[in-house]
Amino acid sequence: GAVANSCNAYFCYVLRNILENRRYEDVEHGFDMWKTYVNSLGFGRKLESDFLDEGAGYVPSSEYYDRVYHGSWNALTVISLSIGQGELGCTPLQMANMVATVANRGHYRIPHVVKRIHDRDSIDARFYEDHHTKVDARHFDPIVEGMYKAVNEGGTGRIAMVPGLDICGKTGTAQNPHGADHSTFFCFAPRNDPKIAVSVYVENGRFGATIAAPIASLLTELYLTDTITRPALVDYVKNMQIAYPYYEKQRKGK
């Protein structure tokens with residue numbers, strides 16, 4: 001339900017319960033374990049793809065918080081990490097890779113720039129290697145169910161629904177100090193035997209369902225069916241007016 005309806009409070013409680021778990025000596029050790037799992041999903045480092053200028057993103061360490069807060073911090077200090085805010089930095093490629101990992105129920109392959117493959121032997125073998133996360137495959141099932149409900153059962157991503165495609169997605173809104181929030185959405189489809197994973201970010205696009213979700217949905221539909229059945233949604237995307245005050249100031253030299 002939290003995934004389907006984007007309930008931030010739920011994810012805050014989850015992170016706090018992880019960091020304050022009594023199996024760990026203290027919050028710092030709980031945080032180190034959390035970071036290990038997050039890194040295994042491909043965050044905080046380059047994925048070693050063949051994309052030019054690939055970014056590494058950033059996952060803070062307990063040592064970082066010790067320096068910043070002089071050793072005095074707790075789960076509430078870092079609670080914003082639970083919803084992708086705070087010091088956490090993620091690239092769009094890492095987000096696309098994560099949704100592919102969810103679609104695969106726990107593993108991913110290094111992203112690779114290719115239109116089609118005629119001869120598998122001509123592709124570097126490292127792009128065929130499965131990279132498994134530290135999360136057991138069975139724990140992805142509730143996430144997949146939540147993403148399915150987000151799109152197909154009245155959740156925050158219902159605008160992305162296409163009958164018969166079983167799109168599973170998650171909306172996001174990235175806070176922005178330079179104007180309207182950024183619109184984000186990632187998805188994969190179909191729910192079972194997935195064929196495509198998509199991550200969309202639209203600067204100053206506001207809520208995830210406002211513009212990122214429609215774009216991702218149209219891309220998914222076109223890829224899977226080679227057609228678009230919602231011309232009105234295409235017009236909606238094309239006619240969306242978005243203001244970019246930060247770039248306007250840069251252009252005017254202010």
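A: Let's start with a term: a helix axis is a line fitted to C-alpha atoms over the stretch in contact, and the angle between two axes runs from 0 to 180 degrees between N-to-C directions. Keep in mind that this is a predicted model.

Q: Thanks! What describes two packed helices?
A: Two packed helices are described by the angle between their axes and the distance between the axes. Here, helix 7 (residues 212-225) packs with helix 8 (residues 231-239) at an angle of about 135 degrees, and their axes are 10 Å apart.

Q: Which residues in helix 7 and helix 8 meet?
A: From helix 7 come Pro214, Ile215 and Leu218; they meet Leu233, Val234, Tyr236 and Val237 of helix 8. Sorted by class, this contact has seven nonpolar residues, with no polar and no charged ones.

Q: Now the largest nonpolar core: which residues touch the most other members?
A: This core has 28 residues, and those touching the most other members are Leu19, Phe31, Trp34, Leu81, Met147 and Phe188. Two or more residues each come from helix 2 (8-19), helix 3 (27-40), helix 5 (92-103), helix 6 (140-152) and strand 4 (182-189). Helix 5 gives the largest share, five residues.

Q: What does Leu81 touch?
A: Leaving out residues up to four places away in sequence, Leu81 touches Leu15, Phe31, Trp34, Pro60, Tyr65, Glu87 and Leu88. There is also a second, separate core of 16 residues, including Ile167, Ile211, Ala213 and Ala216.

Methods
Residues are numbered from 1 along each chain as its sequence is written. This is a predicted model: local features need pLDDT of at least 70, side-chain atom pairs count only at pLDDT 80 or more; totals for chains, interfaces and linings use all residues. Side-chain values use heavy atoms; hydrogens and water are left out. Helices (H or I, at least four residues) and strands (E, at least two) are DSSP runs, numbered from the N terminus. Contact means heavy atoms within 4.5 Å. Ala, Val, Leu, Ile, Met, Phe, Trp, Tyr, Cys and Pro count as nonpolar, Asp, Glu, Lys and Arg as charged, and the others, Gly among them, as polar. A nonpolar core is a set of buried Ala, Val, Leu, Ile, Met, Phe, Trp, Tyr and Cys residues joined through side-chain atoms within 4.5 Å. Buried means under 20% relative accessible area, exposed over 50%, partly exposed in between (1.4 Å probe, protein chains only).
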